[in-house]
Amino acid sequence: MLVATAGIVFLSACARSPSAVQNGAAAVGSGAMAAAARPAAVTTTNVALGDSLFNSGSCQRCHGMKGVGAPNGPALDGQKWVQLSTGSFEEIVGIITTGVPATAIKDPSRRNAMRPRGGPMQLTDPQIQAVAAYVYTLTHK
């Protein structure tokens, strides 16, 4: 009876997460649940492209290589900045798209605004999705 119940619970969990099944993430263990909870746009391809754009473009000038922080921008590899926001993928996309005006920056040591769309990079919508996917992975491991 226990085996049958466990099987039903497992199948029910998979049925609630069709993206997990489609992405091959429906496996036993906590790693599968974390993968299933990722937004659809946080794919291996998007994360790799976002990593490249972030670390070779203007993002790393303020946020540091790999998002570890720098004098002009906060670290994105920890939970501190997420405490100021929801940390959701959609919010990250919004922040990259619209930027952050200097008046909204709470840390007085950082006076420069974050320009929209990566400033001089002028990221396209698909590139913004990719950078957001990369940034999402920095805090949602």
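Biologist: Leaving aside its neighbours within four places in sequence, which residues is F54 in contact with?

Modeller: Please bear in mind that this is a predicted model. Beyond its neighbours within four places in sequence, F54 is in contact with C59, Q60, H63, G64, K66, G67, L76, V131, Y134 and V135.

Biologist: Is F54 buried or exposed?

Modeller: F54 is buried, with a relative accessible area of 1%.

Biologist: Y134 is among those contacts. How many aromatic pairs are there?

Modeller: The count comes to 2 aromatic pairs. In one of them, the ring centres of F54 and Y134 are 5.3 Å apart and the planes stand at 55 degrees, so this pair is tilted.

Biologist: Why is 55 degrees called tilted?

Modeller: Planes under 30 degrees apart count as stacked and those over 60 as edge-to-face, so an angle of 55 degrees falls in the remaining class.

Biologist: Where do F54 and Y134 lie in the chain?

Modeller: F54 belongs to helix 4 (residues 44-56) and Y134 to helix 7 (residues 125-139), so the pair ties together parts that are 80 residues apart in sequence. Y134 is buried as well, with a relative accessible area of 4%.

Biologist: What is the geometry of F89 and Y136?

Modeller: The ring centres of F89 and Y136 are 6.4 Å apart and their planes are at 75 degrees, so that pair is edge-to-face. F89 is in helix 6 (residues 89-98) and Y136 is in helix 7, 47 residues apart, so the pair links distant parts of the chain. Both F89 and Y136 are buried.

Biologist: Turning to the largest nonpolar core, which residues touch the most other members?

Modeller: The core has 20 residues, and F54, F89, I96, V131 and V135 touch the most other members. Helix 4, helix 6 and helix 7 each supply at least two residues of this core. Helix 7 gives the most, with 8 residues.

Biologist: A change of topic: how many disulfides are there?

Modeller: The count is 0 disulfides.

Biologist: Are C59 and C62 buried or partly exposed?

Modeller: C59 counts as buried, at 13% relative accessibility, whereas C62 counts as partly exposed, at 29%.

Technical notes. Residues are numbered from 1 along each chain as its sequence is written. This is a predicted model: local features need pLDDT of at least 70, side-chain atom pairs count only at pLDDT 80 or more; totals for chains, interfaces and linings use all residues. Side-chain values use heavy atoms; hydrogens and water are left out. Rings of Phe, Tyr and Trp (its six-membered ring) pair if their centres lie within 6.5 Å; planes under 30 degrees apart count as stacked, over 60 as edge-to-face and the rest as tilted. Helices (H or I, at least four residues) and strands (E, at least two) are DSSP runs, numbered from the N terminus. Buried means under 20% relative accessible area, exposed over 50%, partly exposed in between (1.4 Å probe, protein chains only). A disulfide is a pair of cysteine sulfur atoms within 2.5 Å. A nonpolar core is a set of buried Ala, Val, Leu, Ile, Met, Phe, Trp, Tyr and Cys residues joined through side-chain atoms within 4.5 Å. Contact means heavy atoms within 4.5 Å.
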